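Subject: Structure handover

Hello,

Here is the structure I promised to pass on to you. Please have a look at it first, and then read my notes below.

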Amino acid sequence: GGINIGCMQEKGLVGTDVLPVELCPNNPEPNQGDFFCVDFTVNNFRKIVGMQFTIEFDHTVLEYDGVANYDLPGFNRSMVDSPRDMSGNPVPGRLTFSYFNSAGPQTIPDETAAFGICFRAIGDCDDFSFVKITGEYTKIEVISGDEPPPAVGVNIGVAVKDALVRINPCNQNGGLTLSTDCPDAMPGDVI
């Protein structure tokens, strides 16, 4: 007989020859009304010519405000737009991301902040929204420009994580709130 080693409880990633690009967002905690960006760092971004996907978020909590380009060559605001419904109206809480660099394959070092999707926090205090990469309106693809392996134009895939955006609590008393890194401080202590 064999030995039971248990079951993997987290999503795993297996690659052959080449690993998928990883898109890793931060988890911002804006105040109500703040403008902010969900910044995406990348791993395994090697000789990539393009990528596309849908970004989903709760439109009652977040309002799309644009993009930030950090280190993704050729990326600009026109590469992110709202998909349209059957009547031609923008679909609330959905964005299509379509990146293509005509200058050819690009390589970005691991742990580099590549781009940001920017929002305004329009929800109430303590509201939250996930910001997810899906294939709902736009098929998820990451296209390699590498010559074997994989061949030019092959979709190598993407490994994604969701961002959690939580609007900070509002001060109900209208007073001043101070934060400190002193874990031993008690209310009323002088620090």
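A word on burial to begin with: a residue is called buried under 20% relative accessible area, exposed over 50%, and partly exposed in between, using a 1.4 Å probe and protein chains only.

Some background on the source. This is a predicted model, in which local features need pLDDT of at least 70 and side-chain atom pairs count only at pLDDT 80 or more, while totals for chains, interfaces and linings use all residues. Residues are numbered from 1 along each chain as its sequence is written, and side-chain values use heavy atoms, with hydrogens and water left out.

Now to the sheet. Strands here are DSSP runs of E with at least two residues, numbered from the N terminus, and two of them pair if DSSP finds at least two bridges between them. Five strands make up an open sheet with mixed pairing, in the order β4-β8-β2-β1-β11. Its edges are β4 (62–69) and β11 (158–160), each of which pairs on one side only. On average, neighbouring strands of this sheet are turned by 25 degrees against each other, direction ignored; the axes behind that angle are lines fitted to C-alpha atoms, and angles between N-to-C directions run from 0 to 180 degrees.

Within the sheet, β2 (residues 35–43) and β8 (residues 112–121) pair in the antiparallel sense over eight bridges. T112 counts as buried, at 13% relative accessibility. Taking contact to mean heavy atoms within 4.5 Å, and not counting residues up to four places away in sequence, T112 touches F40, T41, V42 and D71.

In one of them, C37 and C118 have their sulfur atoms 2.0 Å apart. The torsion about their S-S bond is about 85 degrees, so this disulfide is right-handed. Because C37 lies in strand β2 and C118 in strand β8, the pair ties together parts that are 81 residues apart in sequence. C37 is partly exposed at 22%, whereas C118 is buried at 8% relative accessibility.

The other disulfide joins C125 to C170, with an S to S distance of 1.2 Å. This pair links distant parts of the chain, 45 residues apart: C125 sits in the loop between β8 and β9 (128–134), and C170 in the segment after β12 (163–166). C125 counts as buried at 17% relative accessibility, while C170 is partly exposed at 30%. With bonded cysteines counted along the chain, the disulfides follow the pattern 1-2, 3-4.

Finally, which residues does I48 touch, not counting those up to four places away in sequence? I48 is in strand β3 (residues 45–56), and its contacts are V21, G104, P105, Q106, V142, I143, S144 and I156. For S144, which is 96 residues from I48 along the chain, the C-alpha atoms of the two are separated by 4.6 Å. I48 counts as buried, because its relative accessibility is 0%.

Best wishes

Note on methods. Helix = DSSP H or I, 4+ residues; strand = E, 2+ residues; numbered from the N terminus. Disulfide = S-S within 2.5 Å.
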